[in-house]
Amino acid sequence: MSALIAIIPVVLLFVLMLGFKVTGYKSALITLIVTVCIALWIAPAVDMVPDKFSSASIYNVVWWSFAEGVLKAIFPILLIILMAIYSYNVLVESKAIEVIKSQFTTLTSDKGVLVLLMVWGFGGLLEGMAGFGTAVAIPAAILIGLGFKPMFSALVALLGNTVATGFGAVGVPVITLCNEISPGGAASPQTLCEVSTFAVIQLAPLFILIPFVILMLADKKAWGKNICLAIWTGGVSLAVQLLCATFLGAETPAIIGSIAAVIAIIVYDRLFIRKKGDKKIVSGISAGATFKAWSVYIFILVLILLSGALCPPVNNFLKSHLVTEVPLPVIGSTFRFGWLNNAALMLFIGSVAGGLVQGLGWKQLTVVMANTIVNLRFTVVTIISLIALASVMNYSGMIAAIASGLVAISGSFYPFFAPLIGAIGTFVTGSDTSSNILFGKLQAQVASQLGMTSQTSVAGFSGSESDWLAAANSAGATGGKMISPQSIAIATAACDMKGKDDAILRKAIPYAIVYIAICGLIVLCGA
């Protein structure tokens, strides 16, 4: 009974968004209100509230859990989302994005290589830097401009925007997941590296399979080239992302991994594909113009690397200065936020510095920021509502009740279904981050119910069994991204295919099912 009551908010969110086609921010806000009502009046009646809160007023428990959710939503998730999209908008305002586009289109004459460069390399970089639809919209639009069919462009863009999304927008999804499952809501560097590493391992076969599928869709006859290029590109991407996740955490795997993939694809093209008789492809853009166009991303990458684990003195200084702590009584938690030690600051500084290099003035940069904030107003409501309702569900005992129900139904086979839970979250919300907010703590609760509390070693990488199952949520969420209504809506808009959402969804669903099933098998074997 408790599990059936506790799952009402999740089902309601599904019904509102998919059944009644209610917009995301309205669905999240309505679900938050219903969740608060359940926590206040139904959860205590069925003894769902944890024993440690038995002496406290349920109103105080709900209020302080709501307050924690709002703080966690704003600092740093919404700040990072804002600055990530701001960085892309600066490129659009300065027209530097047009230079970047043209450079990619002059790198090769091979159709398959060009498609892979756009959706796996450049798309992955856009996802790692900005996320939130840019990695679907931009590559798809460029491909159409190069003469590819709209349906093909939409499908390959959706396929390419999968593996990288776990570390999109400078690692926000995995960082959010780690904070959700950590005591006090602040993940340690060790937890960040463990969960990041496990997420990459769970996606390992897909680093090769997705590029292969993209290449086959581009050129069905070139089996030999497609297999070799997919193994080479996927292997380089996997190795680089695994190293970044293991030693640097969640911020850089998608960014550096995508840069490595671009280099790997170009090297392969030069060595094995381009014939001696082919004309030399020249972009006509000088080194100075190239630096100017890429300056935003260059500055952001340098700042992230300098402020991270690669530079312990800088990292330790940033972590220990200007840190705000907000005690949250009743629920026994303390919210912490480092004003210097967060990716949002690095994104902001890099965007402004790059924008100035590209010729924008302070007034233009301010206007771009204002427009970005206005355009994100509904996203703000959505993220705050989702994180607040996840916090209320946690402290009122709803997540623990759902975990008990899932364990009772699936037993020891639950790890196979863990990625599906993450995929469902992304399908409904359109966001890997939102999926981790909704179900990250749930996965940790299930791990506890299954007795997965000891250390484990997978592929030579050690960590807690609980982190392995939590990482499965993010891994599965990347598959759900391929078929989420929001992603498909972005693809239809970029490809001028209004009213064709259902056709794109039908094309993408088979790939998504196989993708999620592969994740499930790996998680089950690892567990």
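## Aromatic pairs

The count comes to 17 aromatic pairs, where rings of Phe, Tyr and Trp (its six-membered ring) pair if their centres lie within 6.5 Å; planes under 30 degrees apart count as stacked, over 60 as edge-to-face and the rest as tilted. The pair of Phe75 and Phe337 is tilted because the planes stand at 50°, with ring centres 5.1 Å apart. Phe75 lies in helix H4 and Phe337 in strand S2, 262 residues apart; helices (H or I, at least four residues) and strands (E, at least two) are DSSP runs, numbered from the N terminus.

Phe337 is buried at 6% relative accessible area, whereas Phe75 is partly exposed at 22%. Buried means under 20% relative accessible area, exposed over 50%, partly exposed in between (1.4 Å probe, protein chains only).

## Model and numbering

This is a predicted model: local features need pLDDT of at least 70, side-chain atom pairs count only at pLDDT 80 or more, and totals for chains, interfaces and linings use all residues. Residues are numbered from 1 along each chain as its sequence is written, and side-chain values use heavy atoms, with hydrogens and water left out.

## Hairpin

Strands S1 (residues 323-328) and S2 (residues 333-338) pair in the antiparallel sense over six bridges; pairing requires at least two DSSP bridges between two strands. Leu328 has Ser333 in S2 as its bridge partner. Four residues separate the strands of this hairpin, and Val330 takes a positive phi near 75°.

## Contacts of Tyr297

Not counting residues up to four places away in sequence, Tyr297 touches Ser87, Tyr88, Leu91, Leu126 and Met129 (contact: heavy atoms within 4.5 Å).
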